[in-house]
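I opened the model today and kept notes as I went. The entries follow the order in which I looked things up.

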Amino acid sequence: MSAVSPFLDPGPRTTPNSLAVAHLSRDSIQPIYLKETSGTTDGYAEGPVLNTRFGSFPHSTLLNKPWGSQIRASVVDTGSRGRRLKREHGEHVADGEKLDNSKGDSTPGTTSSRDLKVAPSGFIHILPPTPELWTISLPHRTQVVYTPDYSYILHRIRARPGMKIIEAGAGSGSFTHAAARAIYNGYPKDAHDVKGKVFSFEFNHDRYQQMQKEIEDHRLDGIVQITHRDVYNHGFLVDNESPGAECVFLDLPAPWKALPHLARNRPTQSQLSSSGLDNLQDTGSEWKSPLRPDRTAYLCTFSPCIEQVTRTVDVMRHLGWMEIEMVEVAHRRINVMRERIGLHLPAGERGSTQTAANVEEAIAKLQEVEGRYKTSRGQSQDVDIEMGEDDETAVENNPIDGSKTTLLSSEVEGAQSAKPWMSGRVIHRTEPEIKTHTSYLVFALLPQEWTEAQESAAFESWPCGKERKVIGKLDKEARKQEKRELLQGKKRKKDTDSKSEAERPLSKKSKTP
Ligand SMILES: C[S@@+](CC[C@H](N)C(=O)[O-])C[C@H]1O[C@@H](n2cnc3c(N)ncnc32)[C@H](O)[C@@H]1O
């Protein structure tokens, strides 16, 4: 294993031949494999270039940067690229159009990073890959499980470092990456090393191959083992060995068809037929459960429709799964922002409301308007001109409706000195509606295997039913009789005490205080 996956330990800086995430804007991010190539690449003298709507970014400007750095766009000759490609393909290019490749790196026709000119505008941020960022930027091959769902699922199935998870189907690998991070407690040294692992199963061959490649590119091999398999018919054993899983996640069109393969013992014919799975015949071979025998197994299935849920729950009941529960994650994004209220704020600015922020501001404005009205009645002069000549105030034009706002000099100073991102009240607003239904999550658990030997050992330690001392009586009449006897005993004691008191010699009695 060359290095740790950037998903598990990205290190302090970007490195060549590794995955990074280009953050263009809040809703636009792009995964990128950073390459350290000195020669002309794809027609660019600058080597490999990331072209975005915020400008062009040669990889050389993105390499060896601390994660989270802001990278400014570079001036890249995108126009000559087409001409260069044409020339490479032997097409005629006019002499005057020929490119001067002499400057730059030692490699002819390349531009070194120190020769690159910073573009007048445009920047991105370079971020380390995480399962969350990968989920929103990965190449979609199927519907994927998103972060609000998988964070809850991993918590409920108790995925933690050192656990073994079975996942089917792998699809686009969104859940796989999050699961790999959750169970990671080091890379296994060999096949017998007991480290956390994700056993992933995918039926579609193309998706299986793409996943296999991604896992290698992301250096997750050893932590994720993907198998090309139809789990409905062939179950979850890997090389005919049990993965020994404690956690299971099924994102399949018919999860109930995979459930009989997750039983502790071979399901009986009646269990199979009551589940509608008569086609799964007894093959005669030895039964191996893919679950860890000495631990409770936690399962989650992910289904978009309620009919799939009812079918799954029905089969779960027949196969002995317990504490079955369905949950839907209704996720809402909460936007936290600053809201600025005040008459002095520039009109039409995002997040600002032009209204009096308090009583003082409202009175000041009224007084000012009244004063202006009196002045305009006294002198028939243009108010705007007068205002413009007045040092104490300034007039602001509203770019939207053309109206004018008069700013008091103190307000102008205040508005200029305040940092825009610090002014205003911090408020939060949720999205007005929950956007989409993702899926119904069905959770269940299968208790650990319990043998006769374990039962006898438990009985030895806690001999249930062999208690020697019986505390209290069981029936009502016996309890009443017990109470009667208790009261009679007390009464007898009281009588005896008072009798002995009466019989005591008088001299002794008088000494009593
Ligand atoms: C919705 S996708 C899974 C998406 C994945 N959980 C993710 O987060 O990216 C369902 C996948 O199950 C696979 N699949 C369907 N039937 C299967 C079967 N019998 N055995 C294994 N995989 C199967 C499909 O090929 C598909 O890729």
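**Entry 1: the nonpolar cores**

I began with the largest nonpolar core, which has 34 residues; Ile153, Leu154, Ile157 and Phe175 touch the most other members. At least two residues each come from α4 (147–156), α5, α6, β9, β10 (247–250), β11 (297–303) and β18 (440–446). The top contributor is α5, with six residues. I note here that the model is predicted.

Next I picked out phenylalanine 175. Leaving out residues up to four places away in sequence, phenylalanine 175 touches Val145, Tyr150, Ile153, Leu154, Glu167 and Phe249.

**Entry 2: serine 174**

I then turned to serine 174, which sits in helix α5. Is serine 174 buried or exposed? Its relative accessibility is 2%, so serine 174 counts as buried, the cut-off being under 20%. I listed what serine 174 touches, not counting residues up to four places away in sequence: Thr135, Leu138, Val144, Val145 and Tyr150.

**Entry 3: helix α6**

I checked the length of α6 next. Helix α6 covers residues 205–217, 13 residues in total. From first C-alpha to last, α6 reaches 18 Å, close to the 18 Å expected at 1.5 Å a residue.

Which residues of α6 are buried? I found Tyr208, Met211, Glu214 and Ile215. They span an arc of only 130° around the axis, so they lie on the same side of α6. I looked for what covers these buried residues. The cover includes α3, α5, β8 (197–202) and β9 (224–228).

I also inspected both ends of α6. At the start, a side-chain oxygen of asparagine 204 comes to within 3.1 Å of the backbone nitrogen of aspartate 206. Just after α6, arginine 219 has a positive phi of about 55°.

**Entry 4: salt bridges**

How many salt bridges does the structure hold? I have 14 on record. Side chains of opposite charge can pair when their charged atoms come close. I went through several of the pairs.

Glutamate 132 pairs with arginine 181, and their closest N and O atoms are 2.7 Å apart. I checked the exposure of both partners. Glutamate 132 is partly exposed at 29% relative accessible area. Arginine 181 is partly exposed too, at 36%.

Arginine 484 and glutamate 477 form another salt bridge, at 3.7 Å from N to O. Arginine 484 is partly exposed, with a relative accessible area of 39%. Glutamate 477 is also partly exposed, at 48%.

Lysine 493 forms a salt bridge with aspartate 497, with the closest N and O atoms 4.0 Å apart. Both residues lie in helix α14 (residues 476–503). They are four residues apart, about one turn of the helix. Aspartate 497 is partly exposed, at 44%.

I closed this entry with a network. Salt bridges link Glu246, Arg292, Asp294 and Arg295.

**Entry 5: serine 69**

Last, I located serine 69. Serine 69 is in the loop between α1 (59–62) and β5 (70–74). At 16% relative accessibility, serine 69 counts as buried, because the cut-off is under 20%.

I looked for contacts beyond four places in sequence. Serine 69 is in contact with Ile124, His125 and Ile126. I then took the distance to one of these, histidine 125. Serine 69 and histidine 125 are 56 residues apart in sequence, yet 5.5 Å apart in space, C-alpha to C-alpha.

I noted one polar contact as well. A polar atom of the serine 69 side chain lies 2.5 Å from the backbone oxygen of proline 66.

Terms used:
Residues numbered from 1 in each chain as written. Predicted model: local features only at pLDDT ≥ 70, side-chain atom pairs only at ≥ 80, totals over all residues. Heavy atoms only, no water. Salt bridge = Lys/Arg side-chain N within 4 Å of Asp/Glu carboxyl O. Buried < 20%, exposed > 50% of the residue type's maximum accessible area, 1.4 Å probe, protein only. Contact = heavy atoms within 4.5 Å. Expected span 1.5 Å × (residues − 1). Arc of directions from axis to C-beta. Polar contact = N/O pair within 3.5 Å; in protein donor to acceptor, adjacent residues only side chain to side chain. Core = buried A, V, L, I, M, F, W, Y, C linked by side-chain atoms within 4.5 Å.
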